[in-house]
Amino acid sequence: LPGTGTCYQQAKRALHAAVPDRLHARDKESGIIRQFLRDHVCRRRPGSLYISGAPGTGKTACVSRVLLDCKDELAGSKTVVLNCMSLSTPHGLFPALAQRLGLPAATGRGGLRALEAKLTAQGPMVLLVLDELDQLESKGQDVLYTLFEWPRLPSSRLVLVGLANALDLTERRLARLSALPLGSPQLLHFPPYTREQLSAILQERLRQVDGDPVLDAAALQFCARKVSAVSGDARKALDICRRAVEVVELEVRSQTLLKPLPGGE
């Protein structure tokens, strides 16, 4: 079948969990993140935003998309994006951040003091985006408390955006924050995707593929219904469809290879 290889490759590429040009059903959340960055980074007002939501609800993709869209507006500030899964221990965050800010990677109290001095000295605003923030939980939650208290330091130029699965991380595990004068961080929750939203996401991705649909519309609806009933995880839905394309591709390839030769028995 000429060209089938390319249409399956295109479909698999379209179904990858990369950051799309437009995030379906997340306009409201994107708007809140954009406004937060304008109010704090662009207006030089330190602050923190805590983004929660189950895996696959678009948190990371949404923040990545907004950072790309606001690149020019954020050009005068220093942006540091870290995935906390890459750290061997919660306290490993501080040397990693020091390195990104051009400081010697000192550990312990000295390293912390150097970081605080850097974040309260004259200079551009620092936007720190921490994905998988719940990896920083530690005894007494000292790492998380330190982070969320930094934007409140006098002359602080830190704007913190933390992303995690737990809805109540700041309320349940960081109760001490609400006792501070400026209260807890601003909260933004990403609800699970509905069946309709998952279906629209899958259709939108597969519209990028030339020619006839690789996957039947009923199959997409079935996948969206099943995933929305369990988790509302868009990554899972994309994964299932990508595997389905691989199965079809293998079947077509084996049929093509096993075709009888012309004039054969």
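Predicted model: local features only at pLDDT ≥ 70, side-chain atom pairs only at ≥ 80, totals over all residues.
Residues are numbered from 1 along each chain as its sequence is written, and side-chain values use heavy atoms, with hydrogens and water left out.

Leucine 202 sits in helix 8; helices (H or I, at least four residues) and strands (E, at least two) are DSSP runs, numbered from the N terminus. Setting aside neighbours within four places in sequence, leucine 202 is in contact with Leu15, Leu220, Cys223, Ala237, Leu238 and Cys241, contact meaning heavy atoms within 4.5 Å. From leucine 202 to alanine 224 it is 22 residues in sequence and 8.3 Å in space, C-alpha to C-alpha.

The axes of helix 8 (residues 195–206) and helix 9 (residues 217–230) come within 8 Å and cross at roughly 135 degrees. Axes here are lines fitted to C-alpha atoms, for helices over the stretch in contact, and angles run from 0 to 180 degrees between N-to-C directions. Helix 8 and helix 9 are therefore oblique to each other; angles under 35 degrees count as roughly parallel, over 145 as roughly antiparallel, 65 to 115 as roughly perpendicular, and the rest as oblique. The crossing of helix 8 with helix 9 is right-handed, that is, the near helix is turned clockwise from the far one by less than a right angle, with anticlockwise giving left-handed. On the helix 8 side, the residues that meet helix 9 include Leu198, Leu202 and Leu206, and their partners in helix 9 include Leu220, Cys223 and Val227. An α-helix has 3.6 residues a turn, so residues three or four places apart point the same way.

Helix 8 also packs against helix 10 (residues 234–257), at an angle of about 50 degrees with the axes 10 Å apart. That pair is therefore oblique, and the crossing is again right-handed. Leu198, Ile201, Leu202 and Arg205 of helix 8 make this contact with Ala234, Ala237, Leu238 and Cys241 of helix 10. By class, the residues split into seven nonpolar, no polar and one charged, with Ala, Val, Leu, Ile, Met, Phe, Trp, Tyr, Cys and Pro as nonpolar, Asp, Glu, Lys and Arg as charged, and the others, Gly among them, as polar.

On to the cores. A nonpolar core is a set of buried Ala, Val, Leu, Ile, Met, Phe, Trp, Tyr and Cys residues joined through side-chain atoms within 4.5 Å. The largest one has 29 residues, and those with the most contacts inside it are Leu93, Leu128, Leu130, Leu133, Leu136, Leu147 and Trp150. Strand 2 (78–83), helix 4 (93–100), helix 5 (108–120), strand 3 (126–131), helix 6 (142–149) and strand 4 (158–164) each supply at least two of its residues. Helix 4 gives the most, with five. A second, separate core of 23 residues includes Cys7, Ile201, Leu202 and Leu206, which brings us back to leucine 202.

Another helix pair is worth a stop. Helix 2 (residues 27–42) and helix 3 (residues 59–69) have axes that come within 10 Å and cross at roughly 50 degrees, in a right-handed crossing. Glu29, Ser30, Ile33, Arg34 and Leu37 of helix 2 meet Cys62, Val63, Val66, Leu67 and Asp69 of helix 3, a contact with six nonpolar, one polar and three charged residues. Several residues of helix 3 are buried, among them Cys62, Val63, Val66 and Leu67. What covers the buried residues of helix 3 includes helix 2, strand 1 (47–52), strand 2, strand 3 and strand 4.

Glutamine 141, in the loop between strand 3 and helix 6, has a positive phi of about 55 degrees although it is not a glycine, and is buried at 11% relative accessible area. Serine 155, in the loop between helix 6 and strand 4, has a positive phi of about 65 degrees but is exposed, at 58%.

Key:
Buried < 20%, exposed > 50% of the residue type's maximum accessible area, 1.4 Å probe, protein only.
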